[in-house]
Every structure is written in C-alpha cells, then in structure tokens.
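Let's take a friendly look at a protein structure together. Have the sequence and the 3D view ready as you read.

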Amino acid sequence: MSERLSVRKTYKLFIGGAFPRSESGRTVIVNDAKGRLLANAARASRKDVRDAVVAARKAQSGWAARTGYNRGQILYRIAEMLEGRRGQFVEELRDTGLGKAAAAAEVDAAIDRWVWYAGWADKIAQVTGSANAVSGPFFNFSTPEPTGVVGVVAPDSPLLGLVSVIAPVIVTGNTAVVVASEPGPLPAITLAEVLATSDVPGGVVNLLTGHRAELAPWLASHQDVNAIDLAGAPDDLAADCARAAADNLKRVRRPAAGDWTADPGTARMTAFLETKTVWHPVGV
Amino acid sequence: MPDLSTFAEAAISPAELRGFLRGLPPVDQVGAEERAARLATRSIKTSAKAYAIDLAISMVDLTTLEGADTPGKVRALCAKAAHPDPADASVPKVAAVCVYSDLVGEAAGALKGTGVGVASVATAFPSGRAPLDAKLADTRRAIDDGASEIDMVIDRGAFLAGDYQKVYDEIVAIKAECGDVHLKVILETGELVTYDNVRRASWLAMLAGADFIKTSTGKVSPAATLPVTLVMLEAVRDFRARTGRQIGVKPAGGIRTTKDAIKYLVLVNETAGPDWLSPDWFRLGASSLLNDLLMQRRKLTTGVYGGPDYFTLD
C-alpha cells in the first residue's frame with residue numbers, strides 16, 4: 001500500500017464565526033524561519049475588512065449585553081481550549097524560528113494571559129467606575145462602557161502579542177477586527193479555531209491575514225469603527241492611520257514598543273472604554 | 001391563441017379567458033432559476049455602479065406598511081423621500097412613498113410640490129379578503145385623499161380556485177375606479193406556488209388593465225425573488241410585443257442591499273430591455289434598501305466605508 005497522503009490545512013480568514021477565503025481569491029505565501037514553504041494563507045482585501053466590520057458591529061450589542069461574569073467565563077474557556085492545543089501551537093511557533101523551550105514558554109504565557117484578562121471581566125467596573133459625591137439628594141455613578149467596534153493591527157509577536165491585544169479589547173464588551181501579524185499569520189488562524197470552539201459568539205473576534213499596509217488604512221478610515229489599536233503598525237503607517245481615524249473621532253492607541261511578557265497592566269483595557277455617568281434620586 | 005384585441009373590450013367569456021391563460025406556455029423552472037442566478041453574477045463597478053445606484057434610488061417606492069405607522073413616521077418618511085441624503089443635494093429623490101390608505105392624506109400633504117408620488121395600498125391589503133364594495137370604497141378614499149398610485153392585491157383564493165373571471169372583473173372594477181391614477185396589481189407570488197401561475201396572473205392582470213404588476217405585499221415569505229421577477233419581466237415584454245402597451249414591474253419585499261437592487265436592474269436590462277430602466281416602468285418596493293444605497297453612494301464619493309450611524313433610521 002502506498003504511503004498516506006498528507007492532509008494539509010487551508011488557512012482562511014475568520015469573519016463572523018465562519019472561515020471564508022478572501023473574497024478576492026488572493027493568497028500570500030508563508031515560509032518558515034528557514035525559508036521553506038509552510039502554507040498559502042488568505043490575503044484579505046478591503047472588502048473582507050468591510051465584511052468583518054459588519055460582522056463585528058452585528059455582534060457588538062449582544063456581547064456587551066452579557067454580564068461581565070459571563071464574558072469572564074468565556075475568556076477562561078478560551079484559555080482551556082488553547083491549553084488543549086498546546087502541542088499544535090508550540091509546533092507553529094517553532095516554525096517561526098523559536099526554540100522548543102521558548103515556544104513552549106510563549107504558549108504558556110499566552111494561556112496565562114487569557115486567564116489573567118478573564119479575571120478582569122467582572123472587576124474592571126469596580127476599578128474604573130466610581131460613586132461620585134454630588135451636592136444634592138442623588139446617587140451619581142460613573143460606569144465603564146465598551147467603546148464599540150475596535151480595529152486592531154496586531155504586533156509581530158504571533159501568539160502572545162496577538163492574545164495581548166485581543167483579550168483587553170473583548171473582555172470589556174468590545175468586538176474586534178484584527179489584522180494579524182504579517183510575517184507570522186498562521187498562529188492567528190489557529191487561534192481563530194480556538195475562539196470558534198470557545199463559546200465566543202461569532203463576530204466578536206474577526207481575524208484577517210494579509211498585508212497590513214493594505215488593510216489598516218481601510219480600518220482606520222471606516223466610519224463604523226469606533227477605535228483602533230495600532231500596536232503592530234510601523235511608524236509611518238501608524239501616522240497615516242491616526243490621521244484617517246481622526247475623521248470620525250476614533251479612539252487611537254499608537255504603538256508602544258512592547259515586551260509582551262511583561263505584566264500588561266490595565267492600560268489596554270481602559271483605552272477602549274467610555275465612561276457613562278448616571279444620576280439616580282436618593283430614596284426612590 | 002385568441003386575438004388579444006377582443007380582450008380590450010372586457011367582454012370576453014370566462015371560458016375564453018380561462019382557455020387563454022391555461023394556454024400560455026409553461027415556465028421552465030430550472031431554466032428560469034438558472035438564468036436569474038447567472039445574471040446575478042454580473043459585476044457592476046465604478047461609474048456603472050454609480051449610475052445604477054442613482055437609478056435604483058430614483059426607482060424606490062419608500063414603503064411603510066405597519067400597524068404601528070403614525071402620522072409622524074409618515075411625515076419623516078416623506079422628508080426622507082424628497083431628500084434621501086440631506087447632506088448631499090445631488091442624490092435623486094425616490095419615486096414614491098407607499099403607505100396604507102388612511103395615511104394618504106398625511107403623505108400627500110407632506111409631499112406637495114416635491115414631485116414624489118404617493119402610492120397607497122388598497123383593496124383590503126394584504127390579504128384581499130373583503131367584499132368588492134369595501135375594496136372599491138378603500139380605493140376611492142385613497143384617491144380622494146391624494147394618492148397618485150394605487151397598489152391593489154388580487155384575490156389569490158379565487159385565482160387558485162381557478163375562478164380567473166372573478167379576479168379579472170375585480171381588477172377591471174378597481175381600474176375603472178382609478179381612472180388616470182396608476183394601478184399596480186400585486187400578485188403575491190409567494191402564494192401562487194408555481195411560476196406557471198405567476199405567468200398566468202401576470203397576463204391576467206395586464207389584460208384587465210393594470211399599469212404595473214407587482215410581486216408581493218412584503219407580508220408573505222418568500223416575497224420578491226429574482227426568478228419570479230424574471231417571469232414577470234418576460235410577461236411584460238411579450239405583452240408589449242403583442243399589444244403595443246407597455247406595463248411596469250415592481251418587485252417588493254426582501255430587497256435590502258445595493259447588491260440585490262443592482263441584480264434586479266441587470267435582470268430588467270437583459271430581460272425586458274433598457275426601455276424599462278426608468279422609474280416610470282420599474283420600481284423597487286423597499287424600506288431599508290434606501291439606506292444601503294445611500295451608504296454605497298457615499299462610499300463611491302468619499303472613498304471610505306460609511307456606517308449606519310450616519311443615516312436616518314426608518
């Protein structure tokens with residue numbers, strides 16, 4: 001009997017909970033660190049960006065309406081699913097040039113990052129919200145609300161960096177359209193398989209692979225995107241995107257040179273929150 | 001086939017009418033669906049798309065047919081019909097506003113001088129289950145209040161029972177009541193079951209004096225579909241070839257995106273011909289479609305994707 005043919009994975013996009021190819025039909029060649037062909041990944045177009053934003057918008061109100069407790073459970077579930085695929089992610093990270101121990105450490109850190117942010121889901125309101133003293137018989141509360149649809153240009157750290165920019169966006173009730181790392185897009189699509197099996201509603205996270213310089217400006221200029229995180233955009237692209245984002249007053253987070261293994265702090269979560277203040281008469 | 005000129009007298013026997021309608025060639029179902037699907041793959045881009053969007057806007061019958069319609073909602077809809085995008089005066093106005101007959105007065109007042117028509121559904125819309133004198137009174141009231149177009153429903157029950165004459169007589173009676181006012185006849189194709197019936201109902205309505213044939217009320221699923229519209233477009237094309245009289249077509253219900261609207265325009269151009277590419281001969285009954293058309297139009301003019309936040313809700 002002849003040797004069994006290998007069954008290789010088609011790396012597609014992740015939009016609205018489904019895995020479509022790019023509407024353009026284009027692909028990009030992804031090589032490993034030694035220059036050997038790994039896969040042809042989908043090369044998203046502006047229309048895929050458009051579709052992803054529509055999916056993210058559709059999912060946003062429902063995701064934000066969930067309790068923080070429930071979002072925390074779901075983020076923790078993502079960590080569990082990622083744990084179950086440890087070996088696969090270690091292999092994919094080794095293809096990008098990491099050593100065995102370093103790859104394993106990065107996967108561990110990524111899983112722990114989900115758990116860390118999961119814990120924040122029902123606590124961020126206590127930290128960023130407040131009960132304000134006012135000169136009248138009213139309770140006055142400030143509570144954090146999600147910004148809405150957030151565009152994310154992911155950094156080149158293909159797993160830990162990606163998780164570190166997605167988790168803080170979605171944990172508070174935003175939905176995300178993410179442009180994955182250009183040199184290392186494959187772990188992003190494998191992460192999408194994790195998200196798709198973790199009770200994350202379709203459309204909460206949408207992952208696009210392709211050229212950043214082609215996709216980021218469409219996200220930045222899109223009038224139905226409320227904020228953009230330019231973590232992975234080089235300086236000139238980030239400047240262009242920030243300018244385009246000003247048109248509808250998007251919140252913009254410019255790249256900060258990051259050591260993704262460091263303690264993330266709450267800055268990324270609070271960058272995509274709005275504050276709502278409500279008055280309520282005392283004694284009613 | 002009998003000589004069609006005899007039908008113009010409205011004095012044909014039930015047997016003749018029945019024989020004519022039953023004698024119409026049957027529709028090739030698979031062929032019609034394939035043809036509609038094939039035409040739907042045409043790619044319309046850039047300047048052709050801009051033309052198609054403006055044409056589609058000018059063909060929209062902006063519709064609100066809810067039990068919860070208020071005079072305020074109708075006025076808001078009328079304002080939108082006359083100036084679909086208040087920020088851009090180059091956007092054409094829509095063809096008409098379509099409301100229930102009791103709100104015609106409200107719409108006619110709000111639209112005075114704008115050139116936008118007032119269409120009223122009448123004749124016990126959407127079911128059509130009422131005695132003829134009630135239907136006639138409904139129609140008369142709408143016309144008295146200022147309707148420029150009447151959208152009537154046919155009696156599907158009589159049609160399906162094979163009583164074509166009853167359906168025919170009803171359309172003739174309503175048309176007589178309308179006089180010069182445009183009469184659109186709603187076939188409610190979702191209840192006619194087969195394409196053969198759609199073809200028969202189309203001919204029946206045209207013979208009885210309809211100015212437009214319309215697919216559906218929007219209250220029954222499926223509403224307008226491409227193959228059904230294809231069959232109706234073939235009917236108006238063949239009718240003009242035989243009688244010289246041109247009849248309009250209006251698909252309504254379920255047309256929500258610019259892409260859908262452009263598919264219909266392609267279908268019109270390829271089936272009935274470019275003579276029908278005008279709001280006088282083709283309409284799109286819709287409500288949410290207009291916002292999508294405006295959004296696509298702005299994408300073409302500004303180069304960036306818009307969002308629903310920037311257009312009025314209706």
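Buried residues make up 49% of the 284 residues in chain A, where buried means under 20% relative accessible area with a 1.4 Å probe, counting protein chains only. This is a predicted model, in which local features need pLDDT of at least 70 and side-chain atom pairs count only at pLDDT 80 or more, while totals for chains, interfaces and linings use all residues. Residues are numbered from 1 along each chain as its sequence is written, chains are lettered from A and ligands numbered from 1 in the order in which they are written, and side-chain values use heavy atoms, leaving out hydrogens and water.

**Overall form of chain A**

- The C-alpha trace of chain A spans about 85 × 40 × 35 Å along its principal axes.
- Chain A has 10 helices and 10 strands, which are DSSP runs (helices H or I, at least four residues; strands E, at least two) numbered from the N terminus.

**Where chain A meets chain B**

- Nine residues of chain A are in contact with 10 residues of chain B, contact being heavy atoms within 4.5 Å.
- In chain A, the area lost to chain B is greatest for A:R50, A:W218 and A:Q223, together 45% of what that side buries; buried area is the accessible area (1.4 Å probe) that two parts lose on being put together, summed over both.
- Between chain A and chain B, the count of salt bridges is zero; such a bridge is a side-chain nitrogen of Lys or Arg within 4 Å of a carboxyl oxygen of Asp or Glu.
- Two elements, α1 (46-65) and α8 (212-221) of chain A, each give two or more residues to the side that touches chain B, and α1(A) gives the most, with three residues.

Definitions and conventions: Buried < 20%, exposed > 50% of the residue type's maximum accessible area, 1.4 Å probe, protein only.
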